[in-house]
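Hello,

I am passing this structure on to you, along with some notes on what turned up in it. Please have a look at it first, and then read on.

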Amino acid sequence: MPQAAKADFIYGIADDNNIYQVDTNAETSTSVFNAVPFLGDPGASTRANAFAYDAGRKQFWFLDSGNNLRFWNGTATSTLPTIVAGSIVQSSGAQPASAAFFNNSFWYFSESVNTLNRITLTYDVNNNPEFGAKTSFTVNSPETPIPNSDYAFGDIAINSAGILFGATVNGRFFRVDLTDLSEPTLTATSLLAPGTNPSLQISFSSDFMKLYGQSFNTGQWYELNTGTGVATLTTGFLQLPGLRDLGGAGAVPIPGPLPLAGAAAAFAWSRRLRRRVSQTNRR
């Protein structure tokens with residue numbers, strides 16, 4: 001008998017300061033943690049961003065409105081402790097943007113600047129994280145120069161081989177090899193010129209065979225070709241409002257129970273999502 005398609009569970013954070021789990025098989029979204037009690041009511045001054053998922057430890061990393069690096073350990077009792085102060089995360093005037101987790105490190109770009117930052121983390125025997133060090137790299141593209149204004153995100157995602165892919169607000173798509181970090185300058189290879197793709201949040205599947213993209217503005221989902229950068233729309237997979245940032249994927253879902261407020265938000269989100277998908281399918 002044919003087997004059902006394997007689901008991936010992609011994680012992201014939304015403007016309502018909830019962490020959501022997206023089932024790419026069922027094409028549904030569920031809140032798995034309500035961070036409002038720790039981050040404040042949703043608003044322009046309290047929104048979390050730069051979300052990254054450590055699938056091995058099932059830890060969720062993000063920046064709060066003060067650019068403090070915090071994490072959720074996947075339990076309902078977590079207090080979202082701060083691991084790195086915002087003054088270290090944003091050591092220059094450029095706002096941190098986008099994020100991905102790779103090789104025990106939280107990676108992010110400085111917004112509209114070709115600076116890629118790495119915050120290395122250390123762990124005790126119980127996988128409790130501590131700040132290790134921060135390193136910054138300059139990303140250049142000598143073949144087709146990418147101006148600093150093109151490093152406006154969008155999002156980044158890193159595959160298991162250490163290749164970072166970046167999708168920018170203006171529709172550019174590029175890759176950077178992170179396997180050799182001996183020099184302070186890294187080379188970006190541009191795959192698509194500006195304006196080719198929609199502005200996307202991106203995440204690999206748990207087996208790194210697919211690169212998903214989601215438009216924060218329209219709620220539509222895409223699959224991206226990592227060789228060409230071309231984004232193909234996934235018909236009928238719609239999520240409104242869109243997630244502010246995607247962090248990565250897991251092969252198994254994060255279990256409940258949810259905090260009461262989170263469960264209520266999940267129920268409301270699920271109803272809105274089903275209604276939107278139903279309306280789309282009727283058109």
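Here is a question to start with: leaving out residues up to four places away in sequence, which residues does Phe174 touch? The list includes Phe109, Ile146, Tyr151, Phe153, Leu164 and Phe165, and it goes on with Gly166, Thr168, Ala188, Thr189, Ser190 and Leu191. Please keep in mind that this is a predicted model.

First, the overall picture. The protein has 283 residues, and 49% of them are buried. Its secondary structure consists of three helices and 20 strands. If you take the contacts between residues at least 6 apart in sequence, 50% of them join residues at least 24 apart. The accessible surface is about 12,400 Å², with 51% of it belonging to carbon and sulfur atoms.

Back to Phe174, which has a place in the largest nonpolar core. That core holds 18 residues, and Phe109, Leu164 and Phe174 are the ones with the most contacts inside it. Two or more residues each come from β8 (96–102), β9 (105–110), β11 (129–140), β12, β14 (173–177) and β15 (185–192). The largest share, three residues, is given by β12. There is also a second, separate core of 17 residues, with Ile13, Ala48, Phe51 and Leu80 among them. As a general background, nonpolar side chains tend to be buried together in soluble globular proteins.

Strand β12 deserves a visit of its own. It spans residues 153–158, and six of its six residues are buried. The antiparallel partner β13 (residues 163–168) is joined to β12 by five bridges, and Phe153 stands opposite Thr168 in β13. Four residues lie between these strands in the hairpin, where Gly162 takes a positive phi near 85°.

Not counting residues up to four places away in sequence, Asp177 touches Gly162, Ile163, Leu186 and Thr187. Its side chain makes a polar contact of 2.6 Å with the side chain of Thr179. Is Asp177 buried or partly exposed? Asp177 is partly exposed, with a relative accessible area of 41%.

Compare that with Asn117 in strand β10 (residues 115–123). Asn117 has a relative accessible area of 3%, so it counts as buried. The side chains of Asn117 and Ser136 are joined by a polar contact of 2.7 Å. Neighbours within four places in sequence aside, Asn117 is in contact with residues including Phe106, Trp107, Tyr108 and Phe109.

Finally, there is an open sheet of four strands with antiparallel pairing, in the order β3-β2-β1-β20. At its edges are β3 (28–34) and β20 (245–250); each has a single partner strand, so one side of each is left without a neighbour in the sheet. From one strand to the next, the twist averages 25°. Within this sheet, β1 (residues 9–13) and β2 (residues 18–23) run antiparallel and are joined by five bridges, and Tyr11 stands opposite Gln21 in β2.

Enjoy exploring it!

Best wishes

Methods. Residues numbered from 1 in each chain as written. Predicted model: local features only at pLDDT ≥ 70, side-chain atom pairs only at ≥ 80, totals over all residues. Heavy atoms only, no water. Pairing = 2+ DSSP bridges. Axes fitted to C-alpha atoms, helices over the stretch in contact; angles between N-to-C directions. Buried < 20%, exposed > 50% of the residue type's maximum accessible area, 1.4 Å probe, protein only. Core = buried A, V, L, I, M, F, W, Y, C linked by side-chain atoms within 4.5 Å. Contact = heavy atoms within 4.5 Å. Polar contact = N/O pair within 3.5 Å; in protein donor to acceptor, adjacent residues only side chain to side chain. Areas by Shrake-Rupley, 256 points an atom, 1.4 Å probe, with all protein chains shown as cover.
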